[in-house]
Amino acid sequence: MKIAVDAMGADYGPGPVIEGVVMALSDYPEDEFVLVGHSGKLPFYLEKYGIAGHPRISIVHAETVCEMSEPSTTALRAKKNCSITVCARLLKEKAVDAMVTPGHTGATVAATKVLVRTLPGVDRPALAASLPTQNGKRFLLVDAGANIECTPINIVQFAILGEVYAQYLFGLDTPRVSLLSVGGEDIKGNDLTKESFKLLEKRKQLNFVGNVEANVIFENVADVLIADGFSGNVMLKGVEGLAKSVMFWLKRVLSKNALRMTGAMLAKNAFIELKSFGDADDIGGAPLLGLNGICIIGHGSSSPKAVRSAIRVACECVAFGLNDRIAARINETGSNTAELEEELAAEKK
């Protein structure tokens, strides 16, 4: 297996990325890693972390980096040789089996959609984010922000993408698939959710459990939560912000006096365990599902552990045959774009 790693796109430079690759070399003793970045800068880090000249490490030159502050289209227009675009080009040419990047999410989506393209029958790729539930399990949020505007066709296909990925990630045969809405009833929601509900309900092969409101999704009511990218991203960032605020509030109230501080010290292990429920380093990154290739997108501030985890997810997705399973499931459920368009047209007559 050969994995392309964007060595330049992270917030803190190549250091944490290279260190994560060093860990992955031990995890996967037969796999190769292609570091994509400036060939004049990366050798310093290879020397620093003791992998210069390693037989399973190679460098592919990328002249520039798409900065987080730049528009998503920069990777395709102004910086066609940035590290993200070069990774996408390698994936397109089948020179690698998967790509991992902690770089600009929007630029990664744009570059892979144009260069790598989607699987046959899939209209758009979707970002899948893993979130914790109250009982210690997790669920998938699909789409978490790749597509701001969506159609019912996209929503149905996101359900298929999420179902297959949940089979791998959670080891489930029939993951429960739900639709994010403002009420549990099928009459609740906007035109998009109402139309999507009808199409999802017709796919009897899916374990579709109906609409779910955001305030109960953390109670383990579904394994896959489907949303348009706008709503999904708003929900995801709201959850991230609330988690940070809760930790801030806890620190403030627990440090008000000596007695509370003593109690907090005694409960230190409990707080460490609580923090681990949402530890992004264990997840590593979110896959861009539906592409004609495996692409894992990590956070810009990814630690070496997070990079290692993202590489693990990429390798496991390839070994699982994720894309072959998605393509087969799209056909099994009659959910390719052409069939869904015909279905919607027939309903309107």
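Q: What makes R325 a residue whose charged end sits over the ring of F320 in this predicted model?
A: The charged end of R325 is 3.9 Å from the centre of the ring of F320. The distance limit for a charge over a ring is 6 Å, and R325 is listed as sitting over this ring.

Q: Why is the aromatic pair of Y168 and F320 called tilted?
A: The planes of Y168 and F320 stand at 45 degrees, with 5.6 Å from centre to centre. Planes under 30 degrees apart count as stacked and those over 60 as edge-to-face, so the pair is tilted. Y168 belongs to helix α5 and F320 to helix α11, 152 residues apart. Both Y168 and F320 are buried.

Q: Why is the pair of F197 and F208 called edge-to-face?
A: The ring planes of F197 and F208 meet at 70 degrees, and planes over 60 degrees apart count as edge-to-face, so the pair takes that name. The centres of the two rings are 5.2 Å apart. F197 lies in helix α6 and F208 in strand β8, so the pair ties together parts 11 residues apart in sequence.

Q: Why are α5 and α11 called roughly perpendicular?
A: The axes of α5 and α11 cross at roughly 110 degrees and come within 11 Å. The range for roughly perpendicular is 65 to 115 degrees, so α5 and α11 are described in this way.

Q: Which kinds of residues make the contact of α5 with α11?
A: The contact comprises six nonpolar, one polar and two charged residues. Among them are V164 and Q167 of α5 and R312 and E316 of α11.

Terms used:
Residues numbered from 1 in each chain as written. Predicted model: local features only at pLDDT ≥ 70, side-chain atom pairs only at ≥ 80, totals over all residues. Heavy atoms only, no water. Phe/Tyr/Trp six-rings, centres within 6.5 Å; stacked < 30°, edge-to-face > 60°. Helix = DSSP H or I, 4+ residues; strand = E, 2+ residues; numbered from the N terminus. Buried < 20%, exposed > 50% of the residue type's maximum accessible area, 1.4 Å probe, protein only. Lys NZ or Arg CZ within 6 Å of the ring centre and 35° of its normal. Axes fitted to C-alpha atoms, helices over the stretch in contact; angles between N-to-C directions. Parallel < 35°, antiparallel > 145°, perpendicular 65-115°, else oblique. Contact = heavy atoms within 4.5 Å. Nonpolar A, V, L, I, M, F, W, Y, C, P; charged D, E, K, R; others polar.
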